[in-house]
Amino acid sequence: MQDLIIIGGGPAGITAGIYAARQKLNTLLITKSFGGQIAKKAVAIENYPGFEEISGSELVEKFKGHLEKQEIEIKVSEVRKVEKEGEVFIVFTGTKEKYLSKTVIIATGADPRPLEVPGEKEFIGKGVSYCVTCDGPVFKDKIIAVVGGGDTGFEAAVFMTNYAREIYILEASSKIKADQRNQEIVKKSGKVKVLTNAVLKEIKGKSFVESITYQDLKTKKIKNLKVKALFVEVGNQPATSFVKNLVDFNKNDEIKVEFETCQTKTPGLFAVGDVNVGIYKQIVTACGEGCKAALSAYRYLQKLKYKT
Ligand SMILES: Cc1cc2nc3c(=O)[nH]c(=O)nc-3n(C[C@H](O)[C@H](O)[C@H](O)COP(=O)(O)OP(=O)(O)OC[C@H]3O[C@@H](n4cnc5c(N)ncnc54)[C@H](O)[C@@H]3O)c2cc1C
């Protein structure tokens, strides 16, 4: 029986692990992968204190190295279900494989939100991608498109200016949401064309992506663009499917938590980082909540000890 199981190895889960080890909790961290979303980051991180500029992969290595120095157990696996029986949590990674714990921290972050347009599923890995750092370099000297006019869409376009010949950014609303700095970089590159009021309708091709169609909401006309790749950057959906019964959600499927402790409606169960209702989804906020929840788990365990 563990004192604590942490699910997720992104910034929130790793920080929770470091703090749990310092409290001498008997901890198991289960994660599908390390680093979470920052491992996919296309351009340098410039807002994590102590590092004026650091690449996503470098920061992941530093986080991971720090975690591995702690006295906690780490398992690379996917959690499929969490249940609670009496005071004990049961964490399932398979139908038979399960782990028992007195507390659990959910730090599973978020996955890319799909567009759900015809051709999207069909062309995944054949021109449709959700990870520009992973797949972008393949499209050297090609014409490509990015869907999403927020910061991640603009950052993806900035990254692709190193490879692609021409880049279109499609934004469904009339306004660009990316911050001013990203907009300036995109403009300076001279390679990027930003299309607002542009709603993607279909992705077409034979074996690989060859073109996309979109509707111009101003003119109502359907237009066609010849592109070899489409990067989807329209936000994320929280990874919460394994924990339906023990928590409450908001309309975006984010887990509701108490501000002070990050505890969910179930005593001893915490949710931190991008998976919860917090509005500001950043590395530093995810780390802060990881710390909060690990210390709250310690406090909860102390109370449990005195109760029994
Ligand atoms: C392209 C991009 C650029 C960004 N740039 C910045 C930036 O410059 N600065 C900044 O502060 N923030 C940035 N962010 C946001 C930041 O990356 C996130 O806020 C942060 O990573 C959230 O951390 P997290 O630990 O909550 O979740 P995540 O980073 O999503 O990590 C979740 C972890 O949980 C694991 N996991 C998921 N489901 C399961 C399961 N069922 N079982 C086991 N493990 C599971 C995943 O493998 C992953 O390791 C960016 C995000 C993106 C996508």
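Visitor: Which residues of α2 meet α1?
Guide: This is a predicted model, in which local features need pLDDT of at least 70, side-chain atom pairs count only at pLDDT 80 or more, and totals for chains, interfaces and linings use all residues. Residues are numbered from 1 along each chain as its sequence is written, and side-chain values use heavy atoms, without hydrogens and water. Contact means heavy atoms within 4.5 Å, and helices are DSSP runs (H or I, at least four residues) numbered from the N terminus. On the α1 side stand P11, I14, G17 and I18, and their partners in α2 are F63, K64, H66 and L67.

Visitor: How are the axes of α1 and α2 oriented to each other?
Guide: Axes are lines fitted to C-alpha atoms, for helices over the stretch in contact, with angles from 0 to 180 degrees between N-to-C directions. Those of α1 (residues 11-22) and α2 (residues 56-68) come within 9 Å and cross at roughly 25 degrees. Angles under 35 degrees count as roughly parallel, and therefore α1 and α2 are roughly parallel.

Visitor: At roughly what angle do α1 and α6 cross?
Guide: The partner here is helix α6, residues 283-307. Its axis and that of α1 come within 7 Å, and the crossing angle is roughly 35 degrees.

Visitor: Which residue has a backbone N or O atom 3.0 Å from an oxygen atom of the ligand?
Guide: For K281, a backbone N or O atom lies 3.3 Å from a ligand oxygen atom. At 3.0 Å from an oxygen atom of the ligand lies a backbone N or O atom of A12.

Key: Helices (H or I, at least four residues) and strands (E, at least two) are DSSP runs, numbered from the N terminus. Angles under 35 degrees count as roughly parallel, over 145 as roughly antiparallel, 65 to 115 as roughly perpendicular and the rest as oblique. A polar contact is a pair of N or O atoms within 3.5 Å; within protein, one must be able to donate a hydrogen and the other to accept it, and residues adjacent in sequence count only if both atoms are side-chain atoms.
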